[in-house]
Amino acid sequence: MDSVPYIAGAMALAGLALAAYFYTVVKKADPGNERMQELMAAIQEGSRAFLRREYTWVAGFVVLMSVLIFAFLDYGRPWGAIAYVSGAVLSGLAGFVGMTVATMANARTTQAARTGPQEALPLAFRGGAVMGFTVAGLSLLGLAFSYLLYVEWLEVDDAFQVVTAFGLGASSIALFSRVGGGIYTKAADVGADLVGKVEAGIPEDDPRNPATIADNVGDNVGDVAGMGADLFESYSGSIIAPIALSAFAFMGTGAFQERALLFPLAIGAFGMLASIIGAFMVKTATNATPRDLARSLHRGTNVAAVITVVLAFVFGYVFFNDVAGVERWYGFSISVAAGLLTGIGIGLVSEYFTSDHFGPVKKIAKQSETGPATTILGGISAGMLSVAAAVVLIVAGVGIAYWSGDFALPGNDLSGIYGIALSAIGMLATTGVVVSVDAYGPIADNAGGIAEMAELPPEVREVTDSLDSLGNTTAAVAKGFAVGSAAVTALALFKTFEQAVFDSSGGDTVLNLSVGEISVFIGLFLGAMLPFLFAALTIDAVGRAANKMIEEVRRQFREIPGIREGTGTPEYAKCVDISTAAALKEMVIPGLLAIVVPLVIGFISVDALGGFLAGALVSGFALAIFMANSGGAWDNAKKYVEAGNLGGKGSDVHKAAVIGDTVGDPFKDTSGPSMNILIKVMTIVSLVFVSAFV
């Protein structure tokens, strides 16, 4: 068993090696003509400039948090602070690498689309796979090394709380990257759509639109760099939760505790292996249809899922068979499989409600015939329906995981919670291939923008549009995985927090979660409120930034001669500057809320903090699913109309669908995906600082 962290580290390096291989494949591909390369370079420069400024600001926050950890926590001097910084650095690095390759892959995907989807889809996927395997590889490598360094080599005091600080570092970067990137991309997208499509009547990504470069930059800083940091944090948190729980919950159980601590790293290792195999399954035949493209991407995730389930039972037997106290070793394997199947189920729900192959999106498009009001109503109802389906799945998955864990180790009150924590890793065990499929979407979107701006033949844009529409669906599926795992991981971390309160107080403080207790009741309502406040702040931020963008685009149409006719040159850089400045300014308050509020409540009352975390978990999960799926449905309803249905581009139906899409933009790409980070950040902050609270 001592070799498990080394094996996990080796598999992490294998994932990083695959990312490096895919990088060389993407780099060797033809980037297209001179105009396409100019556009690619402009998008690259805008993306790097934003990320440099964002990371400079976030670095200041990381330094401040590391000082607080060093000053207030015994284990923070110095190891907790070092672990926190290392988690933040690796998370930021994953986002930067993914964005760099995505901005290389966009023009190359456009060029490949001139041949057909059979060439363009694998190339876009490989560009996304660099992000996917960099995220999973750096996270697993960082956790394996942290376990070896703090637990085995240095044997530091409170070693597992030090490892938890690594997760808080990842969460800090993820929160600001998701919020800042989301505000940037949607300010540009909303401004470009409302003035370009609706007012000026020109196509999406038309080079005459001054906001089009900012829009394409936003796809990379929000949907690639922000999403990469998000999934890095989710993946790290899912492995940390059962390790931290085992450290607190299974003291005195001897061999079982040792196995329980190492099993999460083993799941990460064989999940990486399954993802590597699944990545090579993504391929397309000549003359592939849109459904064939979808099947190709699903094939990669499905193969990885099947291998993961099989290996979960193999390693479950190796770890827990004949261990004292464990009566049914396969119970823990069932927990892993339950989590993975629940994640797939939530993903399928997202696909059903956001794909134009199914009824909900077609219904929203049909409702656009009677104007934007009915379009918006249709998207809201579809998102709410998807919450009901997702909640049923998450409840079933959590129930099965709990009973399976309890079934494996009867007599221990926390074995069921350990099963729930394992289910969270099951959901994200195949992170490498899941993120690859997700990051493929922004690359396809950028490829379409370059095709339009470079004035390539219409059939090229048709290919990229088919890839982009599929990308919206795959993104919704990945967001389903992320928010599902967030709910389950937060639950495991919450239980760990409860146990840590007891242990940190020397047994003097037991967390009271009775709703009849006034402090718990107040905390519960505050927690339920915070995700709505957070969503309101981020949507308002997009609205304010988009308003500035709209005014700038209108000004350029008025004042620069020849823009509409194509003889004038728009001032693209001014639109990029507007999105950058707005995003950096507007991300501060929502980001700080997630850190400051639980700290303030924790220092007042740990019981109130317990209620607060419970309320935020439930309302945040529901709100995240609702917003992600409503936004995805509106987006693909617009694309369904643009494909020539119900009047096609330029019709009144299209204008109504565009308005629905602009409402959905901050839902699906700013506020919605930030929710899963919010609920985990607040829980892990509470866990890291629990010794200061009591």
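A residue is taken as buried under 20% relative accessible area, as exposed over 50% and as partly exposed in between, with a 1.4 Å probe and protein chains only. The structure is a predicted model, in which local features need pLDDT of at least 70 and side-chain atom pairs count only at pLDDT 80 or more, whereas totals for chains, interfaces and linings use all residues. Residues are numbered from 1 along each chain as its sequence is written, and side-chain values use heavy atoms, with hydrogens and water left out.

The structure holds 28 aromatic pairs, a pair being two rings of Phe, Tyr or Trp (its six-membered ring) with centres within 6.5 Å, counted as stacked for planes under 30 degrees apart, as edge-to-face over 60 and as tilted for the rest. The ring centres of Phe603 and Phe693 are 5.0 Å apart with planes at 90°, so this pair is edge-to-face. It links distant parts of the chain, as Phe603 belongs to helix α17 (residues 588–604) and Phe693, 90 residues apart from it, to helix α20 (residues 690–693); helices are DSSP runs of H or I with at least four residues, numbered from the N terminus. Phe603 is partly exposed, at a relative accessible area of 47%, while Phe693 is buried, at 11%.

For Phe626 and Phe667 the centres lie 5.9 Å apart and the planes at 65°, so that pair is also edge-to-face. Phe626 in helix α18 (residues 606–642) and Phe667 in helix α19 (residues 652–688) are 41 residues apart, and both Phe626 and Phe667 are buried.

Technical notes
Helix = DSSP H or I, 4+ residues; strand = E, 2+ residues; numbered from the N terminus.
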